[in-house]
Every structure is written in structure tokens, then in C-alpha cells.
Amino acid sequence: QVQLVESGGGSVQTGGSLRLSCTASEYTHSTACMGWFRQAPGKEREGVAAIYTGGGSTYYADSVKGRFTISQDNAKNTVYLQMNSLKPEDTATYYCAADSFRRYDGGSWYCTFGVYEYNYWGQGTQVTVSS
């Protein structure tokens, strides 16, 4: 079973940056897609970014495009989330997750942001952005 450990959370002011890391116990077909999700108090967990580990294709929620960048280091079994131009609305607990499969929409393969599709989850790391 895949185990995921996040790190890099903290408290910053508006406009600041943070880099989150997620290290997986294994980097195999069980981690075809690695995603970053976040959950703020009183809100549903939402996907913010994902990466196809086999090829490097990336996917972003509209709310973070142009500000966040997901990347990976296969040699370290690690994915990163570089967060720039942080806003108070980015405040949340951020979770790393792994999905065993890419999905097919009839035309192309992609990594989903669906919470239910991801098989493994880390414990989360807190990100707080003050105004």
C-alpha cells in the first residue's frame, strides 16, 4: 500500500510563496497520477493540481493557474507544489493523493481531480495566508 508524507506547509502573508513536497513510499503503477487537494474549514475537499507521473502531463484548477506549479522528481519518489502569489483564499489543509489510473474522457487520458477516484492520501499540511 502506498504511503504519502507531505511537508512544507506554513504561514505566509498575501503575495508570499511556499513549496510543498510529497514523498511516496513507492512510485509505480499505483501512483500513475499524483494530486494535490485542499480543504478549508466548512468546505469540501477540492483538487488543485495533478501530474501524470509516467509522462509529466500536468493539470490545474482554474483558481490556481498561473500561480501554482506541480512537478516531480522520479528519483526521489517526490512531487512538489510550488505556490506563488498566495492569497487568503488559499488557506487550507493541503493533501497529497495518489491515483492508480489515468481516466479517459473519450478523446484523451487525464488525471482527475475527483476525491473519490484517488486511492491513497497523506495526512495533510497546513497552509495559512494572512491578509
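**Exercise 1.** Find the disulfide that involves cysteine 33, and describe the link.

*Solution.* Start from the term itself, since a disulfide is a pair of cysteine sulfur atoms within 2.5 Å. In this structure cysteine 33 is joined to cysteine 111, with an S to S distance of 2.0 Å. Next, consider the turn about the S-S bond, which is -80 degrees and makes this link left-handed. The bond connects distant parts of the chain, 78 residues apart, with cysteine 33 in strand E4 (residues 33–39) and cysteine 111 in the loop between strand E11 (109–110) and strand E12 (120–121). Helices (H or I, at least four residues) and strands (E, at least two) are DSSP runs, numbered from the N terminus. The model is predicted, and local features need pLDDT of at least 70, side-chain atom pairs count only at pLDDT 80 or more, while totals for chains, interfaces and linings use all residues. Residues are numbered from 1 along each chain as its sequence is written, and side-chain values use heavy atoms, with hydrogens and water left out.

**Exercise 2.** Decide whether cysteine 22 and cysteine 96 are buried or exposed, and describe their bond.

*Solution.* Both cysteine 22 and cysteine 96 are buried, where buried means under 20% relative accessible area, exposed over 50%, and partly exposed in between (1.4 Å probe, protein chains only). Their sulfur atoms are 1.9 Å apart in a disulfide, and the -75 degrees about the S-S bond make the link left-handed. Cysteine 22 belongs to strand E3 (residues 18–24) and cysteine 96 to strand E9 (residues 92–99), which places the two 74 residues apart.

**Exercise 3.** State how many disulfides the whole structure holds, and in which pattern.

*Solution.* The search of the whole structure finds 2 disulfides. When the bonded cysteines are counted along the chain, the pattern is 1-3, 2-4.
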